[in-house]
Amino acid sequence: MNRLYDALPVLAQNLACTWEGYRRGRARYTKHFHRTLRNWTESLHAPIEQLHEIQWTRLQHLIEVARTSVPYYQDLAPVSKATDPIQAIRQTLDTIQPLEKMTYRNAAEQFVSSHIPRSRLQKNFTGGTTGTALPIFYTAESLAEEYATVWRLRMEQQCRILDSNLTFNGQSVVPFSQSDAPFWRHNAYGRQTLFSVYHMTPRNLERYIEAITRSRAKYVQGYPSALHLVARAMIEAGRTLPKGSLKAVFTSSESLLAFQRETIEKAFGTRVWDRYGSGEFSVSMTECELGNLHVDMEFCIVEVEIEEETELFERGSFMVTGLSNSATPLLRYRIGDSGTRLKKPCPCGRAGDVFLDVDGRNEDFIMTPDGRLIGRLDHIFKKQVDILEAQIRQDSKEAVEILIVPDEGYNETSEANVTKEVRRRLGNEIHVDIRTVELIPRERNGKFRAVKSTVGRMET
Ligand SMILES: [Zn+2]
């Protein structure tokens, strides 16, 4: 959204959101989408052999396109001749060099298939946390298939495309300078209320709660960090939604942490269903009733570079091969996320690869004065009930700054606890500066980052 949009009255902004909703709906919910969703709804409970057959057929097609029309892949070996799909997939992938993000970033044009006319290609940017944009070319079919995975999950929870819903995503629908409600806009076409994730101060959240409790929405979707903030406020205000008034809450785009899930489920009176996906159309996993993440086998192949293994599971970084984007085939793509895969099938009965957890936090590390890189620092705040949100920032290895949005009850003891926890992980050398703030700024894409360090940033 641009400055012209910002200058419009709210009513006109609602019309603009409705128009945008119409445009997006037309792009996503095509004939190909409905056909794919029907097919994949059928294969949701297919036996593993059938899923491997689907994967093998789609992989052969992808490799054929890559070999014959993608400059980067012109020397690719032919596919395996094995008759067993699982063996054929394994042998074929083994001949392919893993792809680094950096390699793709530096030569994105080399990955575009010349089979597809440029007029049919759409371009988007992804790339996540480091701020370096990664261009992605895709077709209308890729987008439709991505949404087939999204809607297969939602339909399992009895949600329908025309159900009214509330969203908490990164769209800048409310001008940043606006200081009074409404902090949301309406997309009448999609029966959608779009809440701003950039205006969530404790004072403004009261207005969010009013809007949520007034709405007749059937489901909620959004970023875990934003939903957690609003859920906390609902619980504190004693204004949680009655059980069963919503069909479901769907989270994506950030790792959903256990405490966030618990709070969101309590406030919204319904179950959270998580999905792990990527802007590159490379991977999709959806949650089952047992809380495990199932690979959408029709959409992608996920390999794990094993770093840790027991009898029950194997853990490591992902190499993903998206089967739905032949416009830009990325084969064995090191996406930068990792996870824990179960070695046995999920007890829920759905076949295919299944993960206990996915660590998608592509977060910065903090560098200590003696040069150590420390990651996963969000744990510092996990048990602090009197902190609404926190962010660790670092611009030199001598010091960190910690921004805290205090909750009721936050006092000197709380601050001392934070210092203690920080010292425990970062040592006594580093200078620690704690600042309480009303709001932690979101990234340009609306996402929240727990750790921001220009000295401990890993380029992936
Ligand atoms: Zn399962």
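How many bridges join E5 to strand E6? There are 4, and E5 and E6 (residues 192-195) run antiparallel.

This is a predicted model, in which local features need pLDDT of at least 70, side-chain atom pairs count only at pLDDT 80 or more, and totals for chains, interfaces and linings use all residues. Residues are numbered from 1 along each chain as its sequence is written.

Strands (E, at least two residues) and helices (H or I, at least four) are DSSP runs, numbered from the N terminus; two strands pair if DSSP finds at least two bridges between them.

**Hairpin E5-E6**

With 4 residues between them, E5 and E6 form a hairpin, and Arg 191 in its turn has a positive phi of about 50°. Asn 187 stands opposite Gln 192 in E6. Both faces of E5 (residues 184-187) are covered, with Trp 184 and His 186 buried on one side and Arg 185 and Asn 187 buried on the other. Buried means that 20 or more other C-beta atoms, placed from the backbone, lie within 10 Å of the residue's own.

| Strand pair | Sense | Bridges |
|---|---|---|
| E5 and E6 | antiparallel | 4 bridges |
| E19 and E20 | antiparallel | 7 bridges |

**Sheet E21-E20-E19-E22**

These 4 strands form an open sheet of mixed pairing, in the order E21-E20-E19-E22. Strands E21 (431-436) and E22 (451-453) are at the edges with a single partner strand each, so one side of each has no neighbour in the sheet. The twist averages 20° from one strand to the next, where angles run from 0 to 180 degrees between N-to-C directions of axes fitted to C-alpha atoms. Ala 390 has Ile 404 in E20 as its bridge partner.

Technical notes. A residue is buried if 20 or more other C-beta atoms lie within 10 Å of its own, exposed if 12 or fewer, and partly exposed in between; C-beta atoms are placed from the backbone.
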